[in-house]
Structures are given as structure tokens and as C-alpha cells.
Amino acid sequence: MIMEKKVHKFDAVILGAGAAGLMCAIEAGKRGRRVAVLERANRAGKKILTSGGGRCNFTNLYCGPENFHSANPHFAKSALARYQPSDFTALVEKHGIPYHEKTLGQLFCDRSAQDILQMLETECAAAGVQIFLNTDIQEIRRVDEFIFGTDGNEFRAPTLVVATGGLSIPKIGATSFGYDVARQFGLKIRETRPALVPLVLGTVDRKQYCDLAGVSADVEVSTDEHSFREKMLITHRGLSGPAILQISTYWREHSSIKIDLAPGRDVTQAIREAKERNMTAARDALQTILPKRLATRWLDVHAPQSWTNQALEKLQRQAHEWVIEPAGTEGYEKAEVTAGGVDTEELSSKTMESRRVPGLFFIGEVVDVTGHLGGFNFQWAWASGAAAGRAL
Ligand SMILES: Cc1cc2nc3c(=O)[nH]c(=O)nc-3n(C[C@H](O)[C@H](O)[C@H](O)COP(=O)(O)OP(=O)(O)OC[C@H]3O[C@@H](n4cnc5c(N)ncnc54)[C@H](O)[C@@H]3O)c2cc1C
């Protein structure tokens, strides 16, 4: 017996009930559009719930285009200007959600990320948005409108918004579906790679430093063009912590990064001024700047040949310019986001609509726009979602 599929018709269907998809649905629903959000998981917003250590760093007060990486650094400007951090905090305040600034403009929930998800779901309900869970779309057809189905349902809409996210953390449901849809409709993809991800050290460095796993230091990490001053953490396989996660977005295989272990500090002055220039004086000096175990290890590895001014200059330079070539990253399993994605040249920066395929939109992480650590990726999800939602 052939079962008839139930046909659902909407003005717009959004694939993916993550941050971007939900925001897009709210904006479109508020404007009277009949909107459905299809989500393959058994609940909406799973990534929101795990974000920010469970407290969701939902935006950043100091958000500007310079906080985003993309092949086209201008692309994000329009959407970011039209949906700002203050727009999102106004929504958060309307729902009475307590929040605080942790550091560097990063806004977190006082209680839990659940507050943000609840707020988005409440807004969706108020805007008449229908969310279909456990709805894993595998195939899309376009005749005069977009048609896609699951076992028992068929969805039809003239407008389709792809908000299926990136490849990071497959465990919580990441799929390549958004990129597959882009390819199906002939859109270019910028090569994807894990970003905001811990780096793995090569064998020699790993042997020298990784038994110090857990030790952290305030550092400045840089590539040729970018630098970040934040905390670095030594791990069992390499380096992590905010400074390393930030630089990982810009690091490419077989290239090196430079770490200043003592930004703005004179490492050797105390040695030069000591009664006697020796290892004890050096250790004392370095331990005022670095955690004790790292200072000791650093001197074991970089023991000066002598105590001349020249040798001390070398020690100074080494501490400010630790150059390492990471062996790789911890991959999508540990990456907070995916860099690369749907080429922004394919999309309108105002609406996120495909230039080639009218009616097809891409928003959020699936697009080649990657935020720095600190609430910027959610701000991009809200801003790109709102830009599309207002155009549906
Ligand atoms: C552990 C972790 C912590 C993070 N913390 C922060 C933070 O504190 N602040 C910050 O700014 N950013 C943070 N991020 C990044 C942020 O979560 C993402 O950038 C953001 O969620 C991207 O939103 P999105 O809507 O594009 O994608 P997602 O939130 O990933 O949503 C995509 C949705 O699409 C669904 N989907 C996928 N394929 C299909 C399909 N075929 N059919 C139907 N549905 C599908 C997925 O199940 C998912 O629900 C964090 C990321 C991780 C992994």
C-alpha cells in the first residue's frame, strides 16, 4: 500500500533550528509570513545549550567587522550594522533574562543558556512559527517552488533558507548538508576548515612542554597579519586557551605562529641587576612573569650559554618570539566553528539571498563568515538571520 504524504505549504521554510534559523524565523514570522523551521535533532538549539560553557556568550558589546574572518572582509558589514548587539540585548532584557559582562565585552547569561533558547522559542511561538523536530531533510527539489520531504511529510515553499550550520562538533548534530545544497544549486564554496580550535604540537615540542598540561599564561600570539593577547593553555597534545583558539582561525598548515610569552615585559632586567648572574637569578626573574613550572621548563630548554649581555638579549628575544610550527589542529571534533563555507560572492550582503538562485538564502555559520571568540559567532547568526528574515 502506498501511503500518501502529508503536504505542508509555507511562505518560507528554514532548514536548521539553530541560532540563525530561529532568529530568521522570528523576523519573518513577525512580518506575517507563514514560516516553518525543520530540524533534524529532537530539539531546537542544541548548540546554544552547550555554548559558553552552558551560559551562552550570546553577543559582544564591541562587535565590529574587524572581529570576523571572511574572504570578503566587507561582506558582513551591512547585516551587522542593521542588527546590533544592542538589538539582541533589548530582546534579552524584554524577557527579563539576567546577564553580565564577563570580560572584553563578552555578555553571558547569569543562569544558563537555556534562557536564550527559551526566549527564542517563545518569540517563535508568538510569531506563529512552526518548528518540526526530528525532521532530517536529505534531498531538495525545485520545480516552481522548493520541495522536500521526510518519510511521512512533504514540505513546499517558494523560499528556502539554509541555516544548517558548519561541520564543528558532529556529536551534537553538525552535517555537511548546507554545503551540499549550495553545491546542488551551483554555488561556490570556500574551502572549509576547523577554526577556534586547539592546536597540536609536533613531536619535539610536545615532549618538551605537554607534561605541563593545565599550565596557562598571558601571552600574545601572532601570525604575519593577526595577533591576539589573551590566555594560552598547555594541553596534553598541544596548546589551547583563548589566544590559541583565536589564532587558529588564521593558522594554515605548514606555517608557524609566534608566541610572546611576556608581552610588554623586560624578561632579563632583573638578571642584569642581580648580584650574580646565574640560573637562580634567571629562574627568579622568569618566575615573576610566567607560571613557575613553565618558567623552569623554559630555562631548561633555553639555558643561556653564558651570562653576557648578548646572551641575555638572546634569552629576551626567545621569550618574546617563541616560534612554533603546529603539527595540526584538534579538528572538527573540538572546533568551536567552521571557517570557510558558502562563498559570500554568491550572496547579497543585504538579504543573504543567492544571486544565482532567487528564493534561496544562506545564513549563519554555513556562510564564509567566521567570528572571533567572544560572542561574535552568535552575533553573526542573529544578524544574518535577521537580514534574511526581513527579506522573506
Ligand atoms: C561547544 C561550542 C560552544 C560555543 N560557544 C559559543 C559562544 O559562547 N558564543 C558564540 O558566539 N558562539 C559560540 N559557539 C559557536 C556558535 O554556537 C555557532 O557559531 C552558532 O551556533 C552557529 O549558528 P547556526 O544557526 O549557523 O548553526 P547551528 O547552531 O549549528 O544550527 C544548525 C542546526 O541545523 C540542524 N541541521 C543540520 N543539518 C540538518 C538537516 N539536514 N536538516 C535539518 N536540520 C539540520 C542542526 O541540527 C542544528 O540544530 C560555540 C560552538 C560550540 C561548538
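1. Start with charge. The protein carries 47 positive and 46 negative charges, and their mean positions lie 1 Å apart. Bear in mind that this is a predicted model.

2. Overall dimensions come next. Along the principal axes, the C-alpha atoms fill a box of roughly 90 × 40 × 40 Å. The protein exposes about 17700 Å². Carbon and sulfur atoms supply 47% of that area. Of the 392 residues, 55% count as buried.

3. Now the secondary structure. There are 13 helices and 23 strands. Among contacts with a separation of 6 or more, 73% come from residues 24 or more positions apart.

4. Strand 6 and strand 7 (residues 106-109) run antiparallel and are joined by three bridges. In one of these strands, strand 7, Leu107 is the bridge partner of Glu101.

5. Helix 6 (residues 177-184) has several buried positions: Phe177, Gly178, Tyr179, Val181 and Ala182. What do the buried residues of helix 6 pack against? They meet strand 2 (12-15), strand 12 (159-162), strand 13 (189-195), strand 21 (337-342) and strand 22 (360-362). Just after helix 6, Gly186 takes a positive phi of about 80 degrees.

6. Finally, Gly371. This glycine sits in strand 23 (residues 370-371). Is Gly371 buried or exposed? Gly371 counts as buried because its relative accessibility is 1%, and the cut-off for buried is under 20%.

7. Which residues does Gly371 touch, leaving aside those up to four places away in sequence? They are Asn67, Phe68, Leu196, Phe376 and Asn377. Asn67 is 304 residues from Gly371 along the chain, yet their C-alpha atoms are separated by 5.8 Å.

Conventions: Residues numbered from 1 in each chain as written. Predicted model: local features only at pLDDT ≥ 70, side-chain atom pairs only at ≥ 80, totals over all residues. Heavy atoms only, no water. Helix = DSSP H or I, 4+ residues; strand = E, 2+ residues; numbered from the N terminus. Buried < 20%, exposed > 50% of the residue type's maximum accessible area, 1.4 Å probe, protein only. Contact = heavy atoms within 4.5 Å. Areas by Shrake-Rupley, 256 points an atom, 1.4 Å probe, with all protein chains shown as cover. Lys, Arg positive; Asp, Glu negative; His and termini not counted. Charge placed at Lys NZ, Arg CZ, Asp CG, Glu CD. Pairing = 2+ DSSP bridges.
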